[in-house]
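Subject: Structure for you to look at

Hello,

Here is the structure I said I would pass on. Please open it first, then read the notes below beside it.

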Amino acid sequence: MNNMPKVTIVIPVYKVGKYIENSMKSVIAQRFTDFEVVLVDNNTPDDSIEIAERVLAGTNISYRVVKQTIQGLPAARNKGIEEAKGEWIVSIDPDDTISSYFLEELYNTAISNELEIVISKYAEVTEKDLFCFPQEAEQGKVELYGQKEILPLLLTRKMPLMISNTFFKKDLFVRNGFQFDIRVKMGSDLVQMWDFLLSVPRMGFINKYLYNHFFRPDSIITAPSAEKVITNRDCYLRLRDRMVNKYGINQQFADWVYARAVFAAVGQSSMWGDFKTFNNVYKKVYDKEVYSILKTFPQKKLTIMNTIVHVSPRLFHFINKTMRQQDTWIWKVLSKFIYR
């Protein structure tokens, strides 16, 4: 490998000693080999870095450990991208796994179609399925989308986007002055996805599962406190302003993006917290403006749930906590009529 690898895999590391070995094993199994690994030590108090280095030792993979003094996932991603030598970046989570085809497919799709962003499909899995990628060798799964096509899909969550399965040019990040917002305690990655997709005319989507997202019970998203949700809400307020004043998006669409994000955060707090915790989040962020905006949202299932949470927060919490989270047969029936 030369001194300038084509791809840099950025991996933020914090208290993942129980999980990072699996992630690193999937990294060293890549068919595409012209890459480096940047491990960002986000002041982890455990042996996560040592475990990652032990797996990488003895391979031909170039890797570095960089220290990030500012606590938090956004700052760690920023540091990793700053330190990256590769022309292309992907920042995977240290508890997730990637198919051996992952980098190969992303890179080839980007180069052959002259794209700056390519995204693969991801699956949410349990620990036993971390290395299961049944679609990885399938052919003809690449789809190209223009900006006008992809933005509504992201709005209604019909496109499975997150930063960890997104392959992008470092120059796209640098020339636009992008930074993951270090003020945000939850969800800064999806905000960055909006900025990415508002800055390119088109993107590629590999419509098969090449990334496994391990949805563990002690992750950030499963502990959505009011403080975290408020930082997320405020970040989307700033995004709404950028969408209108920087990117020229119409006000109604920008309002929908903001209100939809608040709804998602409230929904997460109802799924993973008790009613007291959820109600605290709900009262602090789900105001009359959010409710009013979502009454016109272009997705009937969400407008129904918007009405439910407005009329009866306790019923909303019950639906998400008791039925949706546990995937009961009642939920499977209701999900045909209300938001999933």
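Thr-8 is placed in strand β1 (residues 7-13); helices (H or I, at least four residues) and strands (E, at least two) are DSSP runs, numbered from the N terminus. Thr-8 is buried, with a relative accessible area of 0%. Buried means under 20% relative accessible area, exposed over 50% and partly exposed in between, with a 1.4 Å probe and protein chains only. The Thr-8 side chain makes a polar contact of 2.6 Å with the side chain of Glu-36. A polar contact is a pair of N or O atoms within 3.5 Å; within protein, one must be able to donate a hydrogen and the other to accept it, and residues adjacent in sequence count only if both atoms are side-chain atoms.

The model is predicted: local features need pLDDT of at least 70, side-chain atom pairs count only at pLDDT 80 or more, and totals for chains, interfaces and linings use all residues. Residues are numbered from 1 along each chain as its sequence is written, and side-chain values use heavy atoms, with hydrogens and water left out.

Next, the rings. How many aromatic pairs does a search of the whole structure find? The search gives 17 aromatic pairs. Rings of Phe, Tyr and Trp (its six-membered ring) pair if their centres lie within 6.5 Å; planes under 30 degrees apart count as stacked, over 60 as edge-to-face and the rest as tilted. One of the pairs is Trp-88 with Phe-167, which is stacked, at 5.0 Å centre to centre with 5° between the planes. This pair links distant parts of the chain, with Trp-88 in strand β4 (residues 88-91) and Phe-167 in strand β8 (residues 166-169), 79 residues apart. Trp-88 is buried at a relative accessible area of 1%, and Phe-167 is buried at 0%.

For Phe-173 and Phe-178, the ring centres are 6.2 Å apart and the planes are at 70°, so this pair is edge-to-face. Phe-173 and Phe-178 are both buried. Ring pairs also join Phe-263, Phe-275, Phe-278, Tyr-282, Tyr-286 and Phe-316 into a cluster.

Two arginines have the charged end over a ring. Arg-31 sits over the ring of Tyr-101, 4.1 Å from its centre, and Arg-240 over the ring of Tyr-258, 4.4 Å from its centre. The rule is that NZ of Lys or CZ of Arg is within 6 Å of the ring centre and within 35 degrees of the ring normal.

Last, the spaces. On a 1 Å grid over the protein atoms alone, a cavity is a set of points where a 1.4 Å probe fits but cannot get out, and a pocket is an open set with protein on both sides within 12 Å along at least five of seven lines; lining residues have an atom within 4 Å of a point. Grid points are joined across faces, edges and corners, and a volume is the space filled by probe spheres set on the points.

There is 1 cavity of 30 Å³ or more, and the largest cavity holds about 50 Å³ of space. Its lining includes Leu-154, Trp-194 and Arg-260. The largest share of that lining, 3 residues, comes from α9.

The second largest pocket has a volume of about 200 Å³. Of its 15 lining residues, Gln-179, Asp-181, Gln-192, Asp-195 and Arg-242 lie nearest its centre. Helix α7 gives the largest share of this lining, 4 residues.

Regards
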